[in-house]
Amino acid sequence: MRLMFTQVHLRTPRSPALIVLLASVWLAVAGNLALWQTLSRLPDIAGIRGLVFSAAFALIIAGAVTVVLSLFAWRWTLKPAISLLLLLAAFATYYMVMYGIVVDTPMVINVFQTDVREARDQLSWQLLVSVLVLAVLPMVWLWPQVLPKQTWRQQVLRNAALFIGGLVVTIGTTLGVFQDFSSLMRNYTDLRYKINPLNSVYAVLDLTVIPSDRPSGPLQPLGVDAAIAPRGGAVPQRPPLLVFVVGETARSQNFSLNGYERVTNPKLAQENVTSFTQVRSCGTSTAESLPCMFSHLGRDAFQSRKQEFENLLDVLQHAGYAVLWIDNQSGCKDQCIRIPNTNTSALKMPEHCENGECRDTVMLTHIEEALAKLPTERRARGTVVVMHQMGSHGPAYFKRTPDAFKKFTPECTDTSLSRCDRQQIVNAYDNTIVFTDHFLSQVIAWLKRQEKTSTPAMLYVSDHGESLGEKNIYLHGMPYNVAPPEQTQVPLITWLSPGFEQLSRVSTRCLQSQRDKPLSHDHLFHSVLGLMAVKTTAYQRELDFFAPCEGR
Ligand SMILES: [Zn+2]
């Protein structure tokens with residue numbers, strides 16, 4: 001007869017306090033590779049002094065993480081809380097090391113608004129390794145640990161001790177290295193956005209529980225008095241038709257129209273366009289810029305607004321125009337919810353779309369059909385169509401251009417930009433600008449074909465720029481006050497048909513004489529209203545960049 005043995009492993013319970021301390025040290029040290037990399041490059045703290053300072057910095061972070069974890073160090077919440085912080089730190093570390101990004105509130109908003117298609121572009125095996133080593137490995141150790149059964153009283157006392165202990169370590173160490181610490185924080189303002197996982201914790205709290213002056217209450221109507229001013233007393237026989245192209249991730253300096261040495265605008269160069277060279281964006285990401293571009297407030301007032309207002313498109317609609325939004329990207333960020341809108345994701349057009357993503361030119365294939373659905377009486381007054389481009393969205397720039405537009409080679413074809421040399425990245429990016437040049441010239445060609453029935457014009461402006469490895473920074477989304485100009489200088493291009501020049505009394509020649517004037521997204525709301533002759537109290541003539549050219 002054989003004896004059956006059942007092996008029973010009786011694990012000894014592990015002290016939650018010890019788990020919190022180990023997790024805090026791991027998160028502070030391993031979870032901050034990007035921060036240590038940054039610190040090691042700073043001239044301010046070199047050699048032994050740098051090492052001592054970095055160790056103190058790690059202690060400050062570990063103490064602060066202990067404080068955070070002490071709030072969750074209950075029997076059922078400790079492991080999930082640590083796991084979440086590990087994952088946040090692992091993802092953030094990857095994006096920081098690879099792309100030089102930092103984690104702030106707008107970045108977290110971006111992550112939530114990114115669609116699957118964009119996220120897929122960014123997956124890579126380095127990301128997998130980062131998550132495996134920094135998060136999964138410690139989780140494999142963490143989850144089998146047995147926590148002791150303790151009374152509420154014991155748990156409260158322990159957590160309070162961790163909280164106070166963490167606080168003492170953080171404050172004490174900060175005071176010990178205060179001089180270096182405060183001067184570094186002042187000189188390198190983006191350092192605080194590099195402290196994992198506290199940056200993510202702060203951003204999520206900022207978005208959820210920290211009481212803030214973020215807008216609340218009902219949507220405020222805007223420009224309800226809007227009306228179309230009679231142009232020179234006469235009603236135009238051919239109503240105005242404005243296509244407003246919202247670009248994506250296009251930076252001003254890579255447009256040959258703005259002096260870039262590579263010919264990235266071969267087609268627009270042959271059109272009677274005006275390219276403004278000194279235009280600042282409102283933000284450094286789509287989520288930040290887009291709502292601001294359509295707002296009447298301008299950047300400063302928009303940032304501190306207490307209420308949400310209707311936007312440019314609502315005012316155009318109040319004035320009586322037909323308005324349409326066509327989206328070839330991840331959505332209109334609530335800008336088009338009260339106007340007719342359509343997006344290309346449902347289109348099955350193999351010549352324009354592959355793997356669920358369509359080229360921007362797809363927006364021209366069904367525009368007539370979409371316009372026909374707008375109310376006839378509105379179309380008789382005029383139409384404004386917004387086209388939201390996929391443009392130069394990264395990091396997979398090479399996916400944005402068909403082969404025929406790959407003028408600059410070799411291209412970086414790795415979604416992990418750091419595995420390509422910089423020239424290949426610039427090549428792939430410049431090709432996206434060449435394709436946008438083609439797309440805009442196709443928009444103009446389509447508009448010219450509408451001249452028998454309407455009076456066409458085009459306005460193109462990008463939402464924000466892009467870093468292509470300058471100072472080792474890639475992509476976009478840096479906090480605005482520390483963002484490099486590559487991320488905030490955007491192209492703005494206008495094209496007016498001869499009929500539109502007559503109708504608006506704005507000449508392209510005059511606009512061209514103003515092309516180096518400093519402008520920003522603050523001007524868009526008022527300039528579009530001015531161009532479309534909308535009279536409303538919401539309009540400010542001094543922010544209308546067409547106004548100085550009226551009658552000239
Ligand atoms: Zn964008």
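What share of the 552 residues in the protein chain is buried? The answer is 58%. Keep in mind that this is a predicted model. The protein chain holds 20 helices and 15 strands, and its C-alpha trace spans about 100 × 65 × 50 Å along the principal axes. As for who touches whom, take the contacts with a separation of 6 or more: residues 24 or more positions apart account for 79% of them.

**Helices side by side**

Two packed helices are described by the angle between their axes and the distance between the axes. Here is how the pairs look:

| Pair | Residues | Angle | Axis distance |
|---|---|---|---|
| H4 and H7 | 78-99 and 125-142 | about 160° | 9 Å |
| H5 and H10 | 105-113 and 198-208 | about 80° | 8 Å |
| H1 and H3 | 16-29 and 47-70 | roughly 135° | within 8 Å |

With an angle of about 160°, H4 and H7 are roughly antiparallel to each other. H4 goes past H7 in a right-handed crossing. On the H4 side, the residues making the contact include Leu-86, Leu-87, Phe-91, Tyr-94 and Met-98, while H7 brings in, among them, Leu-127, Val-131, Leu-134 and Pro-138. Sorted by class, this contact has 15 nonpolar, 4 polar and 1 charged residues.

Next come H5 and H10, which pack at about 80°, and that makes H5 roughly perpendicular to H10. From H5, Thr-105, Val-108 and Ile-109 take part, and they meet Ala-203, Val-204, Asp-206 and Leu-207 of H10. The class tally for this contact is 5 nonpolar, 1 polar and 1 charged residues.

Then there's H1 with H3, whose axes cross at roughly 135°, so H1 is oblique to H3. H1 passes H3 in a right-handed crossing. The H1 residues involved include Val-20, Leu-21, Val-25 and Leu-27, and those of H3 include Ala-58, Ile-61, Val-65 and Leu-69. Which classes show up here? The residues of the contact of H1 with H3 divide into 12 nonpolar, 2 polar and no charged.

Thr-286 and Asp-463 are both buried.

One more stop is Ser-285. Where is Ser-285 placed? Look in the loop between strand S4 (279-280) and helix H11 (286-293). Is Ser-285 buried or exposed? Ser-285 has a relative accessible area of 1%, so this residue counts as buried, since the cut-off for buried is under 20%. Leaving aside residues up to four places away in sequence, Ser-285 touches Asn-110, His-464, His-476 and Gly-477.

Key. Residues are numbered from 1 along each chain as its sequence is written. This is a predicted model: local features need pLDDT of at least 70, side-chain atom pairs count only at pLDDT 80 or more; totals for chains, interfaces and linings use all residues. Side-chain values use heavy atoms; hydrogens and water are left out. Axes are lines fitted to C-alpha atoms, for helices over the stretch in contact, and angles run from 0 to 180 degrees between N-to-C directions. Helices (H or I, at least four residues) and strands (E, at least two) are DSSP runs, numbered from the N terminus. Angles under 35 degrees count as roughly parallel, over 145 as roughly antiparallel, 65 to 115 as roughly perpendicular and the rest as oblique. A crossing is left-handed if the near helix is turned anticlockwise from the far one by less than a right angle, and right-handed if clockwise. Contact means heavy atoms within 4.5 Å. Ala, Val, Leu, Ile, Met, Phe, Trp, Tyr, Cys and Pro count as nonpolar, Asp, Glu, Lys and Arg as charged, and the others, Gly among them, as polar. Buried means under 20% relative accessible area, exposed over 50%, partly exposed in between (1.4 Å probe, protein chains only).
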